[in-house]
Amino acid sequence: MKKVVITKLDNKGRGICFVNNKITFVPKTLPLDEVEIELFKESKKYNEAVVTKFVSVSDKRVEPVCPYYNLCDGCHLMHMSYEDTLNFKKEKVKSLLYKYAHLDKEVEISFASSLNYRNKITLKIVNKKIGYYKGKSHDLVEIKECLLAKSVINEVISYLDLLNISNGEVVVRTNKDKEILLSIKTKDDVKDKEIVNEFKNIRGIVLNDKTIYGNNNLLMSINETKYQVSYNSFFQVNNEVVELIISYLEELIPNISKALDLYCGVGTIGLALSHKIKELYGVEVVKNAIYNAKENAFLNNVNNAKYICGRVEDVLDKLPKYFDLIIIDPPRSGLDKKTREFLLREEAKYLIYISCEPISLARDLNILKEKYDPLNIKAFDMFPYTEHVECVCVMRLR
Ligand SMILES: C[S@@+](CC[C@H](N)C(=O)[O-])C[C@H]1O[C@@H](n2cnc3c(N)ncnc32)[C@H](O)[C@@H]1O
């Protein structure tokens, strides 16, 4: 047991202190908190610790609104006021852009609802108890509701025991019409009749990749654009914030002759901007998502879109040339070398880089800025009360 004072926050929102001159990370603490800690990980370069006792607390600390906050690791920042979380995220993006891309820019942050925003959650079931795994462990934190999830998702949680699952995973998704799609992975003998009778909003149940009730997709929307989204296709978790991103991009980009939407998912970004685009190409690795993207082009009367299923890095050579706009929305890890080189070679007039990981964004920008000037970089609070933040950067060929 050591008594320490937290001096500042790291990029994940963890408090920093020093134990025997070694940097030590303590989640859910704030600068000026005086705490007793217990180390649970000691590596050569750093320690990780948990608080065993708050001796005195910063006057910035607030009471978390979620009753599970101290047990569950899904949220990282609920001990801060929401305004302070926004400031933390702004400063985090600014400092990472400076550190990895040598860009000295003020960053604005846009936000919508701070609670009940997620249209999808993944629940674990262990010995019939339903909840989240704590951090990276397999220890279950049983929950009755999650304050980040849309309210209809919370309503369905208490009916999930009707599925008769002892051990497994249930992904719950919803849309603006409050319809529910359940996607289950388990070896148990699942019963679907009772839950479907009791909870009228269930549109589909997929068990181990097979549809056992209704449909295997949900109709989502972003502003006026409609999207069929399969149970295993990616869709942005916070509709309201994606709508802010689309409105922001609509103002920034001019009319475009030919655009390429890399990592396009179900076609989300390209189709939402398609009224500004004459010819649209999209690339995505998940088959069902490409199937959705094609039907979504049809659904939204977009006749000029072509979608290619494959890994971006594998299909670059097969794509047409001379794009005016390339949209890039990669997974957390960012771009691989081949894709960065393609973007430099292609010399599109504009790039839109959407990222949920500012470190990989900044590293990629540092390379892309050889040919492209970052015009606007804006943060969006897609994941309130977590350490995560979405960033959108519009770049123009120099
Ligand atoms: C952050 S999501 C963005 C999806 C889409 N742009 C949207 O806004 O809904 C990243 C997408 O990239 C896809 N993906 C991941 N690695 C890929 C790769 N190497 N090549 C193509 N697509 C990939 C994922 O399946 C996912 O749909």
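How many bridges join strand β5 to strand β6? This structure is a predicted model, in which local features need pLDDT of at least 70 and side-chain atom pairs count only at pLDDT 80 or more, while totals for chains, interfaces and linings use all residues. Residues are numbered from 1 along each chain as its sequence is written.

**View 1. The pairing of β5 and β6.** Strand β5 (residues 34-42) and strand β6 (residues 46-56) run antiparallel and are joined by 8 bridges; strands here are DSSP runs (E, at least two residues), numbered from the N terminus, and two of them pair if DSSP finds at least two bridges between them. L39 has A49 in β6 as its bridge partner.

**View 2. The open sheet.** Its 6 strands follow the order β1-β5-β6-β4-β3-β2, with mixed pairing. Because β1 (2-5) and β2 (8-9) stand at the edges with a single partner strand each, one side of each is left without a neighbour in the sheet.

**View 3. The neighbours of C393.** Leaving aside residues up to four places away in sequence, C393 touches Y353, L361, L365, P374 and I377, contact meaning that C-beta atoms, placed from the backbone, lie within 7 Å.

Notes. Contact = placed C-beta atoms within 7 Å. Helix = DSSP H or I, 4+ residues; strand = E, 2+ residues; numbered from the N terminus.
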